[in-house]
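Have the structure open as you read.

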Amino acid sequence: MALPSSIPTLTDPDRLAGWLSEPGVRVLDASWYLPQARRDPDAEFLAAHVPGAVFFDLDASSDPATVLPHMLPSAERFAARMESLGVSDDDLIVAYDSSGTNVSAGRVWWMLRTFGHQRTTVLDGGFQRWRREGRPVESGPQNLPPGRFHAQLNRCAVRDLAAVRQAVHSGAIQIVDARSQGRFEATTPEPRPGLRGGHLPGSRSLPHQELVGPDGRLLPTAELRRRFSAAGIDVGRPVILSCGSGVSACALALALDQLGAEAVSVYDGSWSEWGACEDTPVETGPASPA
């Protein structure tokens, strides 16, 4: 099967199955979970994965120089990491996870595109769908020859603490929170110690789990558009996405890309940074009326 010149945001198991025998295709198992899930993505990968896939390891692919989880590394470090996984500039990359909600595959898709690699797509429905359809799997480690990868950061795609402070102060940019409603409203505790409960003032709530159907596939575009609208979000205006540590926010970025939204950025520090600061304003309860 010939590889397409234009890569869609999402792909399905039939298309991926046809791509597996093609040179220049790299499949990344991007699975990651919060500690309370009590799941070991590395062990699960070794037990079973899409044939030829390599384990991405989100923690090992993030910035080691900060205490904040999952912060983007430097372009040089990210390039070296991708080369170590056997990824090269011209490769078509398919990312998937085993969460059933695209929670971390979206993050890897966003990281790659933010560092300039547009030939990246996400397996819609993830590994759970792959297995439900009876597709073949492999077990054990996967080691590929080193690749040649170059990375250049798109600074418009990521926001830091100072930029988000300004956005909160001005109210000119929509801020959308992908955490659960309980965490947004501070009715359930944060999974990470030392963080206040609540949300960024003026932000909207759209939990990432609400963007997929029971089969883990992203909802149709008409339904996605309805859910963003119901949450008070105008997909035609600039949006900053936030969550607990910058991971599940990228599931919203994935959905917004499907809707053709362009001015979308991710607050990389997210609540792990904002909720730990002593001088950042916090609101609790439901989102304010739009």
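## Charges over rings

Let's start with R179, which lies over the face of W271 at 4.5 Å from the ring centre. R135 has its charged end over the ring of W130, 5.8 Å from the centre. A charge sits over a ring here if NZ of Lys or CZ of Arg is within 6 Å of the ring centre and within 35 degrees of the ring normal.

A word on the ground rules: this is a predicted model, with local features needing pLDDT of at least 70 and side-chain atom pairs counting only at pLDDT 80 or more, while totals for chains, interfaces and linings use all residues. Residues are numbered from 1 along each chain as its sequence is written, and side-chain values use heavy atoms, leaving out hydrogens and water.

## Ring pairs

Searching the whole structure turns up 5 aromatic pairs. Rings of Phe, Tyr and Trp (its six-membered ring) pair if their centres lie within 6.5 Å; planes under 30 degrees apart are stacked, over 60 edge-to-face, and the rest tilted.

One of them is F78 with F115, stacked at 4.5 Å centre to centre with 20 degrees between the planes. F78 is in helix 3 (residues 75-84), and F115 is in the loop between helix 4 (105-114) and strand 5 (120-123), 37 residues apart. Helices (H or I, at least four residues) and strands (E, at least two) are DSSP runs, numbered from the N terminus.

## The cluster

F78, F115 and F149 make up one aromatic cluster. F78 is buried, with a relative accessible area of 1%, and F149 is buried at 2%; buried means under 20%, exposed over 50%, partly exposed in between (1.4 Å probe, protein chains only).
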